[in-house]
Structures are given as structure tokens and as C-alpha cells.
Amino acid sequence: MPKSSLSKDEVKAMLILACERIIAAEPMLSEADRNLGDGDHGLGMQRGMTAAKEKLEAAEVESIEKAFSTVGMAMMSSMGGASGAIFGTFFRNGGKSLAGKEAFDAAALAAFLKAGADGVKQRGGAAVGDKTCVDAMEPAADKAAEVANASLPEAIQAVTDAATAGKEASKAMIAKFGRAKTLGEACIGFPDAGACSVVVIIEAMRDFITA
Amino acid sequence: MSTANPAKKIINNPLKCADELFEGLVIAYDGKAHRVGTRAIVMNELRPDAPALLVGGGSGHEPIYHGLIGKGMADGAAVGEIFAAPPPDIVLEATQAVNRGKGVLYLYGNYAGDVMNFDIGAELAAEEGITVKTVIINDDVCSAPPTDKGKRRGVAGLVPITKIAGAAAQTVDSLDELARIAQKAVDHTRTVGVSTKPGSIPATGKPTFELADDVIGLGMGIHGEKGVALIPMCTADELAAKILDLLFADDLPLNAGDEIIFFVNSLGSTHMMELLILLRGAKPILDARGIKIHQTIVDNIVTCQEMAGVSFSITKLDAELKKFWDMPCESVGYTKL
């Protein structure tokens, strides 16, 4: 049965699924990064999500906010690197926007993605078009704002489509950040590895919500 | 979870390399340095009431950055995973451990991950009342034009820069003064690197980049970031001239009578034999311009696993930088008597 809203325990279960999907996607993510960077993005994400899964499974979550921020803190501490700072900020800032929320619905999804994407843009200075994870995050956040009054399953499907389209659009871009920026036109044709990770995470959320 | 080891690295667990090399590094300091928190290393003896010098970065480039702590060098280092910046909590732990009430200078290479994590670390330190200043190393001439220095990466020039900043940290009393001298060392340092073969990622054994057998990546970064050109394989003398041409073409004036530190660095597997042959090729070109080498360093200090390649770094000395350069220093990565 698709879920119209999630409790804190369901949010925790959804995030554990996202962790497992990223862990399993390590070869794909590393390969994506090897085309543009030094090929370690998948390993870093795997390390971060392994730590996040352990933290989530180790204790009851106090709140929806805490479930997301637990993931953010675990990623930031265990990964380091640009990805640790970026994805840690995404989950921490996104989580903070859900303080006091007792149900995760389409409006909460929109608040989470907006705060997460804004935090990442502020920390790293990237905008849409720079061939970074922002190319998947911001379209996802924009779409979530549009469908904030829809049902959660409808909203997450629309958000997944927007994130995927953003990731696909990153293929045509010339990188302005990270190690890929030195490649110039040679990076055209490959999606940004961080955008690929965003899509894996959002797809896991969708699969949990619509299952 | 891959435990394959196709690069035949002599290791225990491909996923534990950063932690295990760190434990080895602490041992290599022979009781003069100790571990702090997760993965920070700090000298036992710190000059009292002095501003602190903290360096750091990803693992896998040993002996930098963490091998550059020592007497007359950095006070401590925040150490990340293989090729990944240290997370903010490690930066904070290191900051707290080196701070002696006069604040902490962060000195590290210009990479997005390092900048973000050290910035978050500085924000956390500020919340604890510790003053932090940051000087970012951006000596890599080929990574951006001189008009866009904010985009230049930090590479082998970090060795003379850290040496000079380390000497200053033994001498000056204010964080502002330490930061000024470190920034001056950065402003006076330029590096050009080339690569002939990639390194590998310890956890996967996969190469960090691809490069055809018959070409040299001119201006390539230490992680295989694209340089300015792919050139046909050539002789050491030809390569030395090409590298120096790029250094001379940059915006640091190098004139007859100038004194420099000249650092010939191997990126990993390029042998001392080749470094010395390159040095022999470079010397007459410097002589012809009247540029005087105050000190030569020929060593592999800024590396990327078994990556093959070399970089030339030039630090142009003035009276102040020369004074700090001439002080002795001792570290696992670089020692000067």
C-alpha cells in the first residue's frame, strides 16, 4: 500500500533503505566519478551510508528531524571530502527544517528538499548548471514545492522524475566545481556522480513510499 | 564490499588504509607526537602562548600533509580518508589540541572538499571561542590562469610553504603575523607538474585516471586533474625546459639575481635517478637567467600512490622568507639541518 504520510519510524526505515541502496550502488557511483574525478565518490558514499545505517539501527529515533540529521552527522563525520560536507549538510539542514513535524507528508518532503538544497548551495557555492549534485537537488526541491499539496506517493514520483531529469541534464554540462572542472569539454556526456547519488537516494525514498 | 587488491598494494585491508597508515605515522614520530581523537596528530611539545599552525588533507599522498608536522614545521594535522578531506569533527579535535590561546592558522591545499570541511571546522571552533585564520595554498600554475588564482589547486609547493610557515610559528607571537607570512610564502611559490602514469585507488586498485603510454600530461594535478596539454614522451632535458617555460611564463617575476628554493618532487614512482637527471637539465636554464638556487630539494614528498611524474616548485625568497627558510626543521616528510 502506498503511504500517504510517514511516522518517525517509517522515516527511519525509509532512510535505512536509502543507505542500503547507496551501499549497493558503490560500483556504479565510483565508475561515474572515475569518468570525471578520481573515482572515489562511490566509496565515500558507501562509507557514509554504512555509518548512517549503523547509527539509525543502533537506537530508536526521537523524531523525524533527528532521523534525517542522524544521517547527516554520520555522513559528515565518516566521509570527509567534498561529498561528506555536501551530503552531510543536505541531510542536516533538510532535517532541521522538519523540527516538530510528526508526519512526513508532501509538504514535509518539500521543506526537507528546499532546506537541504539551499544549505548545499550556500556551503559549496554551486548553482544549477555547474554539473554538481545541485543539478539533481534543486529541480527536485522545485518540483516538491509545486506538488506540496499532492499526495505523498504522487509527490515523490514527480520529485524522482525531476531529480532524474536534472541528473540527465548534467551530462551536457561543463563542470565548474571539483576535480572535473579541469576537464573542460571532455566531461560532456557523463552525468555528475553526486547527482547520481541524489537520484539513488530519492528513488529509494520513492520505492519505500509507493511500495 | 570489495576486498580485491589488483594493484598488489602491501596492505591489510583496502578499506582501512587511512587508519592503519595513520597508526604507523604516529609510531614513526618516535614518541614526539600523539594521536588526538579520530584521526588527528599533534606534536607533544608546543611553544607556549604561541599561535598554532594546523595543516591537513586527505590520506594517500604521504608523507604530506600529516608527515609535515614537527619541530619548525606544523604543530598538528587533521587527516582524512584516502583522497578525501578530513571531516569537520577531526578538524575541530586537531584545532582544540594545538590551540594555546593565541588562535590557529589553517594551512591547506585548495580543493573543494578541504575548503568546505575546514570552513565547517572553523565555524565549530569559533563556537568554542577559538580564533581561526585560513591561508589556502594555490601554487599549481596550470590549474587556472593567474587572473583566476582562487581556482588554482595546491600541490608540491606546500612543502616549502609549510616549512616557512612552521618556522614563523616558532617565532612570531600573533596569529595575524603568522597568517601574513604564510600568505607571503604562498604568493611567492609556483609549481608545475607533469604525469606519465596514473596512481591507483587503494580500495579498488583502479587507476586514478587514464593516460596513453606514449604521452606526458603537462600540468596535470596530483589526482590526475587535466593539465594544459598532452605532449609526446620526450627526454628529461626537453621536459625540464618545458616545465620551466611554464613557470617563467606565470606572474611571479623571476629575474637575474633572484634566490629561490628549487624543489624537484616525484609524484610517487618516478625514481630519484630521473629526478636528478631532470635537476641536471634544469640547472643550466636557471643559471642562464641568473636565478640562484639557495637550496635544492630532490625528494618524493607530495605523492599519489604509484603515480609517475614530477613537479618543479619554485619559492622566490626575499630577506624575510629567507630568514624563516634558513631555520632548521624536523619532520617525517622533510628535515632540514
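**Figure 1. Helices H3(A) and H4(A) cross at roughly 135°, with axes that come within 8 Å.** This angle makes H3(A) oblique to H4(A), a class left for angles that are not under 35 degrees (roughly parallel), over 145 (roughly antiparallel) or 65 to 115 (roughly perpendicular). Axes are lines fitted to C-alpha atoms, for helices over the stretch in contact, and angles run from 0 to 180 degrees between N-to-C directions. The model is predicted: local features need pLDDT of at least 70, side-chain atom pairs count only at pLDDT 80 or more, and totals for chains, interfaces and linings use all residues. Residues are numbered from 1 along each chain as its sequence is written, and chains are lettered from A and ligands numbered from 1 in the order in which they are written. Helices (H or I, at least four residues) and strands (E, at least two) are DSSP runs, numbered from the N terminus. The crossing of H3(A) past H4(A) is right-handed (near helix turned clockwise from the far one by less than a right angle; left-handed if anticlockwise). H3(A) residues that meet H4(A) include Gly44(A), Gly48(A) and Ala51(A), and those of H4(A) include Ala67(A), Val71(A) and Ala74(A). By class, this contact has eight nonpolar, four polar and two charged residues. Ala, Val, Leu, Ile, Met, Phe, Trp, Tyr, Cys and Pro count as nonpolar, Asp, Glu, Lys and Arg as charged, and the others, Gly among them, as polar.

**Figure 2. H1(A) (residues 8-24) packs on H3(A) at about 150°, with the axes 8 Å apart.** The two helices are therefore roughly antiparallel, and H1(A) passes H3(A) in a left-handed crossing. Among the contacting residues are Leu15(A), Ile16(A) and Cys19(A) of H1(A), and Met45(A), Met49(A) and Ala52(A) of H3(A). Nine nonpolar, two polar and four charged residues make up the contact.

**Figure 3. Arg21(A), in helix H1 of chain A, is in contact with Val200(A) and Ala204(A), leaving aside neighbours within four places in sequence.** Contact means C-beta atoms, placed from the backbone, within 7 Å. The C-alpha atoms of Arg21(A) and Ala204(A) are separated by 6.7 Å, although the residues are 183 apart along the chain. Arg21(A) counts as partly exposed because it has 18 C-beta neighbours inside 10 Å (buried: 20 or more other C-beta atoms within 10 Å of its own; exposed: 12 or fewer; partly exposed: in between).

**Figure 4. The side of chain A that touches chain B takes its largest share, four residues, from H5(A).** In total, 23 residues of chain A are in contact with 25 residues of chain B. H5(A) has 16 residues, of which 15 are buried, so it is largely enclosed by the rest of the structure.

**Figure 5. Lys131(A) has a positive phi of about 65° although it is not a glycine.** Lys131(A) lies in the loop between H6 and helix H7 (134-146) of chain A, and it counts as buried because it has 30 C-beta neighbours inside 10 Å. Just after H6(A), Gly125(A) also takes a positive phi, about 80°.

**Figure 6. Two cis peptide bonds in chain B are Glu62(B) to Pro63(B), with omega near 10°, and Ile64(B) to Tyr65(B), with omega near -15°.** Pro63(B) lies in the loop between strand S3 (52-59) and strand S4 (70-71) of chain B, where Tyr65(B) is also found.

Notes: Two residues are in contact if their C-beta atoms, placed from the backbone, lie within 7 Å. The expected span of a helix is 1.5 Å times one less than its number of residues.
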